[in-house]
Amino acid sequence: MRRAEVSRETNETQVEVTVEIDGQGRAEIATGLGFFDHMLCALTRHALFDLNLRAEGDLHIEEHHTVEDVGIALGSALAEALG
């Protein structure tokens, strides 16, 4: 099974990602950013991998830290799952 779990914690965010490459396109995503959640769900559905993702960030300051750290964590999880 090609699967990985990655956690990323910075001064601005806390991110937890679980990805299963050989999935069915299922997603449970909560970043606090509605459109970003929507786009991640669409990616997951069309790429047919399963993704569980939770992120908490300093959204009261700016969204970019959350988006950036989710991208880093998701990329790391995909790389690990693919070997």
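**Sheet and helix arrangement in the predicted model**

In this predicted model, Ile29 stands opposite Leu53 of strand 4. Residues are numbered from 1 along each chain as its sequence is written, and side-chain values use heavy atoms, with hydrogens and water left out. The model is predicted, with local features requiring pLDDT of at least 70 and side-chain atom pairs counting only at pLDDT 80 or more, whereas totals for chains, interfaces and linings use all residues.

Strand 3 (residues 27–30) and strand 4 (residues 50–57) run parallel and are joined by four bridges. Strands (E, at least two residues) and helices (H or I, at least four) are DSSP runs, numbered from the N terminus; two strands pair if DSSP finds at least two bridges between them. Strand 2 (residues 13–20) runs antiparallel to strand 4, with eight bridges between them, and Val17 stands opposite Leu53.

Four strands form an open sheet of mixed pairing, in the order 1-2-4-3. Its edge strands, each pairing on one side only, are strand 1 (3–9) and strand 3. From one strand to the next, the twist averages 5°. Helix 1 packs on the sheet and touches strand 3 and strand 4, its direction making about 160° with that of strand 3. Contact means heavy atoms within 4.5 Å; axes are lines fitted to C-alpha atoms, for helices over the stretch in contact, and angles run from 0 to 180 degrees between N-to-C directions.

Gly34 belongs to helix 1 (residues 34–47). Because its relative accessibility is 55%, Gly34 counts as exposed (over 50%, with a 1.4 Å probe and protein chains only).

Notes
Buried < 20%, exposed > 50% of the residue type's maximum accessible area, 1.4 Å probe, protein only.
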